[in-house]
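Hi everyone, thanks for coming.

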Amino acid sequence: MKTSLEQISIAEIVEGFVYNEAEGKGLYGLNGHLTIQPEYQRNYIYGDGKKDVAVIESILAGYPLGLIYFNDAGDGQLEVLDGQQRITSIGRFVTGKFAIKVDGREQTFSSLAPAQQDLIRDNTLLIYTSSGTEAEIKQWFQTINIAGVPLNEQELLNAVYSGPFVTAAKAVFSNSADSRQQKWAAYVKGDPKRQEVLHVALEWLAAAKKTTVSAYMADHRHAPSAKELETYFTSVIDWVSTVFKRIPDKEMRGLEWGRLYETYHLTPYDSRAVDIRVTELRSDPAVHKASGIYEYILGGEKRSELLDIRIFDDKVKRTAYEQQTAQAKEEGTSNCPLCAVGANNNRTRIYTLKEMDADHVTAWSHGGATDATNCEMLCVAHNRSKGNR
Ligand SMILES: [Zn+2]
């Protein structure tokens, strides 16, 4: 059985696209050379206004549509083995069978701006074509669908853009014998053998150069080395390990260090002070998202939402509630201190714990403590109105 991997543009695929409304089937593409729905395939099920729309939105957003499988039926004829739902959705959109929403407005293919039409038409699909006997094809199809480990995105890209650049890049990034892999693994998630470290390196560099991984690989396909990629990647890692001079915390693994490098590498940091703050924040019980600590510090400790601050745990709340309620009962007032000073029916109301929320007297970002001394229970209505101020 012979197989080949190639990229075919959407413009070519939908050339001569025929859709049979009565049977709900995409019939032909590639100017009559592609049978989209061979008899043994299930019917088109994406025409629900969601899955078909999602296919088009993915293309416009630049997401990969995944691998498509063709069978070479001989005499220049191809059949879709896997991917007919995606191809039919694209064909139906390009031929005006349904609309998508762009910036809140319904748009058919012909009403899209020319640049967006081109984005769709020029987009390429990754096609794996095989030829062989029917038994071989069935066997192979079963393998790729069930037993086989599907190729991941970078493995496919390496296949598509194979050449000196991929060879050189793999020698650096998928070489587990390279002693640097251990250091990299502290900051980058993924299996070097499955090209996942290479993928992260390419993503970082492509983002810095405002391009995409596949465009970068296409441009550098015949480059004799991957020096630029290696230099950029090691610059990012060296920067991280210089700013955060500590044995890397496990939460540092897999962060968007490329983006953080681009944003902050020109800012000076006192690495000793940084280290002390990381340790303090990691042991602060109010910080519920340790992975946000690094960006929080890099950004000058301004965006506490990165840390998912939760000040009071249930025990602290219950303690504050019980103290306030006991005192309120003694004084004959509401256990919500704001209701107690009001001139309405709730002035003497005793709320249950469920009807109240914790309010911090001093905000966490202003040094407020996380214990009962800084916790005041308010009725839900008052807590909400206070929170909105
Ligand atoms: Zn109240």
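Let's begin with the zinc ion: along the sequence, its donor residues follow the spacing C-x2-C-x39-C-x2-H. Please keep in mind that we are looking at a predicted model.

Which residues are these? The protein donors are Cys-336, Cys-339 and Cys-379, each through SG, together with His-382 through ND1. They lie 2.0 to 2.3 Å from the zinc ion.

Now, what is the arrangement of the four donor atoms around the zinc ion? The angles they subtend run from 100 to 114 degrees, so the arrangement is tetrahedral.

Cys-336 is buried, because its relative accessibility is 0%. His-382 has 25%, and therefore counts as partly exposed.

Let's move on to a pair of helices. Helix α11 covers residues 227-243 and helix α12 covers residues 257-264; their axes are 10 Å apart. They pack at an angle of about 75 degrees, and angles from 65 to 115 count as roughly perpendicular, so that is how α11 and α12 are placed relative to each other.

Who meets whom there? From α11 we have Tyr-232, Ser-235, Val-236, Trp-239 and Val-240, and facing them from α12 are Trp-257, Gly-258, Leu-260, Tyr-261, Glu-262 and Tyr-264. By class, this contact has eight nonpolar residues, two polar and one charged.

Conventions
Residues are numbered from 1 along each chain as its sequence is written. This is a predicted model: local features need pLDDT of at least 70, side-chain atom pairs count only at pLDDT 80 or more; totals for chains, interfaces and linings use all residues. Side-chain values use heavy atoms; hydrogens and water are left out. Donors are N, O and S atoms within 2.8 Å of the metal (3.2 Å for Na, K and Ca); water is not among the atoms, so sites may look incomplete. Four donors count as tetrahedral if all angles lie between 85 and 135 degrees; four count as square planar and six as octahedral if opposite donors are over 155 degrees apart and all others between 65 and 115; anything else is irregular. Buried means under 20% relative accessible area, exposed over 50%, partly exposed in between (1.4 Å probe, protein chains only). Axes are lines fitted to C-alpha atoms, for helices over the stretch in contact, and angles run from 0 to 180 degrees between N-to-C directions. Helices (H or I, at least four residues) and strands (E, at least two) are DSSP runs, numbered from the N terminus. Angles under 35 degrees count as roughly parallel, over 145 as roughly antiparallel, 65 to 115 as roughly perpendicular and the rest as oblique. Contact means heavy atoms within 4.5 Å. Ala, Val, Leu, Ile, Met, Phe, Trp, Tyr, Cys and Pro count as nonpolar, Asp, Glu, Lys and Arg as charged, and the others, Gly among them, as polar.
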